[in-house]
Amino acid sequence: MTDTVFALATPPGRGAIAILRLSGPKTDTALTALGAPNLKPRLASLRTLRHDDAILDQALVLRFPGPNSYTGEDCAELHLHGGRAVIDAVSSALIALGLRPADPGEFTRRAFENGRMDLTQAEAVADLIDAETSAQASQALGQLDGALSQTFAGFRRDLLKALSLVEAEIDFPDEELPGHLAQTAGPVLDALTADLSAALADAERGRRVREGYRIVLIGETNAGKSALFNALVAREAAIVTPIAGTTRDVLDADLIIGGYAVTLSDTAGLRESDDVVEAEGIRRARARAEAADLRLWVRAPGDPKGAAADFFRPGDFVVWTKADLGVSADGGHRVSSVSGEGLKTLQDALADRLARDLSGADFPAVTRERHRRRLVEAVQAVRLARSHLTGAPELAGDDLRRAADALARVTGAIGVEDILGEVFSTFCIGK
C-alpha cells in the first residue's frame with residue numbers, strides 16, 4: 001500500500017489523552033513536518049507539534065519503524081491532549097500533509113497483508129476489542145497467540161502427507177515404489193476425518209463463548225417467567241401483571257454468568273389463542289426455544305404439564321416459581337422472584353452448566369461461521385478422497401487439494417480477496 005493513513009485509536013469524545021496512529025511510507029515525513037524529526041524508535045519523546053506556524057499541541061510521540069511494527073510499515077503514535085479541538089487540528093494538519101483517514105480495520109488489514117498475522121489472528125484482534133467477559137477475552141487471546149492457526153496448520157499437514165502418497169503413485173508409476181501406494185493414505189485420512197468431525201462437533205462451543213450462550217424462559221401463561229426474568233437480570237426489564245398473556249413478544253437481555261456472556265430471553269406464554277398478536281408472540285416463543293442452548297421450563301406449582309412440555313429435552317432446567325407461597329413442587333429448582341428464595345441456587349446451577357458446556361481442555365477449532373463452512377468443505381472432500389483411493393487416485397488427489405485449499409482459506413494462506421471484506425468490515429476505526 002502506498003497511502004499513509006491515520007486514525008484515532010482511543011474512543012471519541014472528551015478525555016485526558018487521545019492517541020492518533022499513523023502508518024505508511026510518509027510517516028517519518030509527517031513527523032518531521034509537525035516538528036518531531038529524528039525520533040529514536042520505541043522511545044516516547046515530548047514534542048511541540050506545529051503546522052503553518054501554529055502550535056497544535058504538546059504531545060508524546062512514538063515512532064515504530066517497519067517492518068517491526070504492528071502493520072509492518074513505518075508507524076507512529078501521537079499522544080495528544082484529548083480535547084476535540086486538538087484532535088481536529090492535528091487531523092487537519094495530517095490531511096494537509098498528504099495523509100488520509102484510515103478505513104475500518106485498515107491497520108490490522110495492513111498487518112495481515114504484510115505478513116504480521118494471519119486471518120484468524122486478525123479476527124482475534126476484533127474479538128479482543130469486543131470482549132466483555134473473561135471467557136471471551138481468554139478465547140480471543142488464545143486465537144491471537146496462534147492457537148487456531150496451529151490447529152488448522154496441523155490439519156493441513158496431515159492432508160499434504162496423504163496427498164504426497166497419492167501423487168507419488170500418479171506421477172511415478174514406473175518407479176520402484178510400493179504397490180498401491182495411494183491406499184496407504186487411508187489410515188491418515190481416517191484419522192483426519194475423525195479430527196475434522198470432532199472440530200465440527202465442537203463448533204458451537206466457540207460460537208457460544210464469542211456471541212453469547214442463549215437461555216430461553218419457556219412456559220405457559222402466568223407461570224412467572226417475566227418475574228423470573230427480572231430477578232435474573234436484576235432490573236425491571238419485563239412488564240409483570242396478573243393478566244394472562246401480558247408478554248407478547250420475545251424480550252432479550254444480556255448478562256454475565258460465571259464469566260460467560262449470556263443472552264436471556266423472556267417469551268410469550270404458551271397457550272391456544274385466537275388473538276392474532278398473541279399468536280404471533282407464541283410462534284416467536286416456540287422458534288426462540290427451538291434455537292436455545294438451554295431452556296428453563298418455568299412452571300407454577302399445581303400447573304399441569306401443558307403446551308410447554310413439548311419443548312422439554314434432556315438437560316433443560318425445570319424451574320418452579322412462587323416458592324414464597326409455600327406450595328411444594330417435586331424436582332427441578334424452586335425459586336421465588338418476590339423473596340429471592342432459591343435464586344442464588346439457580347444462578348449457581350446455571351454457572352455450573354455454562355462451565356460444563358463452554359470450557360474445555362483444548363482451544364475450540366471454530367470461533368466463527370466462516371471457519372465452520374471451510375471445515376465442512378474440507379471434511380466432505382476428505383471423505384470423498386477416501387472413497388477414491390482404490391481405483392481412482394487421480395480423483396482422490398483432486399479431492400485432497402480441494403480440502404487443503406479450504407483449510408488454507410481459514411488462515412488466509414490462499415484465496416483471500418473474496419473474504420477480506422467479510423473479515424474486516426466489522427472492525428472499528430483505528431484498528
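Student: Which strands does helix α9 (residues 225–233) lie across, and at about what angle does it run to β9?

Tutor: Helix α9 lies across β7 (213–219), β8, β9, β10 (294–299) and β11, and runs at about 155° to β9. That angle lies between N-to-C directions on a scale from 0 to 180 degrees, the axes being lines fitted to C-alpha atoms, for helices over the stretch in contact. The names are those of DSSP runs, numbered from the N terminus: helices are H or I over at least four residues, and strands are E over at least two. This is a predicted model, in which local features need pLDDT of at least 70, side-chain atom pairs count only at pLDDT 80 or more, and totals for chains, interfaces and linings use all residues. Residues are numbered from 1 along each chain as its sequence is written, and side-chain values use heavy atoms, with hydrogens and water left out.

Student: How do you know that strand β8 (residues 251–257) is joined to strand β9 (residues 260–266), and in which sense do they run?

Tutor: Two strands pair if DSSP finds at least two bridges between them; seven bridges join β8 to β9, so they count as paired, and they run antiparallel.

Student: What makes β8 and β12 (333–334) stand at the edges?

Tutor: Their open sheet of six strands has the order β8-β9-β7-β10-β11-β12, with mixed pairing. In that order β8 and β12 each have a single partner strand, so one side of each is left without a neighbour in the sheet. For β12, the pairing with β11 (residues 317–320) is parallel over two bridges, and H333 is the bridge partner of V319.

Student: Why is S91 called buried?

Tutor: Buried means under 20% relative accessible area, exposed over 50%, and partly exposed in between, with a 1.4 Å probe and protein chains only. S91 has 15%, so the residue is buried. S91 is found in helix α2 (residues 84–96) and touches F6 and L20, leaving aside residues up to four places away in sequence; contact here means heavy atoms within 4.5 Å.

Student: Which class does L60 fall into, and what is its relative accessible area?

Tutor: L60, in strand β4, has a relative accessible area of 39%, and is therefore partly exposed. Beyond residues up to four places away, L60 touches A44, S45, L46, E77, L78 and H79.

Student: What makes the aromatic pair of F152 and F155 edge-to-face?

Tutor: Rings of Phe, Tyr and Trp (its six-membered ring) pair if their centres lie within 6.5 Å, and planes under 30 degrees apart count as stacked, over 60 as edge-to-face and the rest as tilted. The structure holds one aromatic pair: the centres of F152 and F155 are 5.8 Å apart, with 75° between the planes, so the pair is edge-to-face. Being three residues apart in helix α6 (residues 147–171), F152 and F155 are separated by about one helical turn, and both are buried.

Student: How do you know that the charged end of R21 sits over the ring of Y70?

Tutor: A charge sits over a ring if NZ of Lys or CZ of Arg is within 6 Å of the ring centre and within 35 degrees of the ring normal. The charged end of R21 sits over the Y70 ring, 5.1 Å from its centre, and that of R299 sits over the W297 ring, 5.0 Å from its centre.
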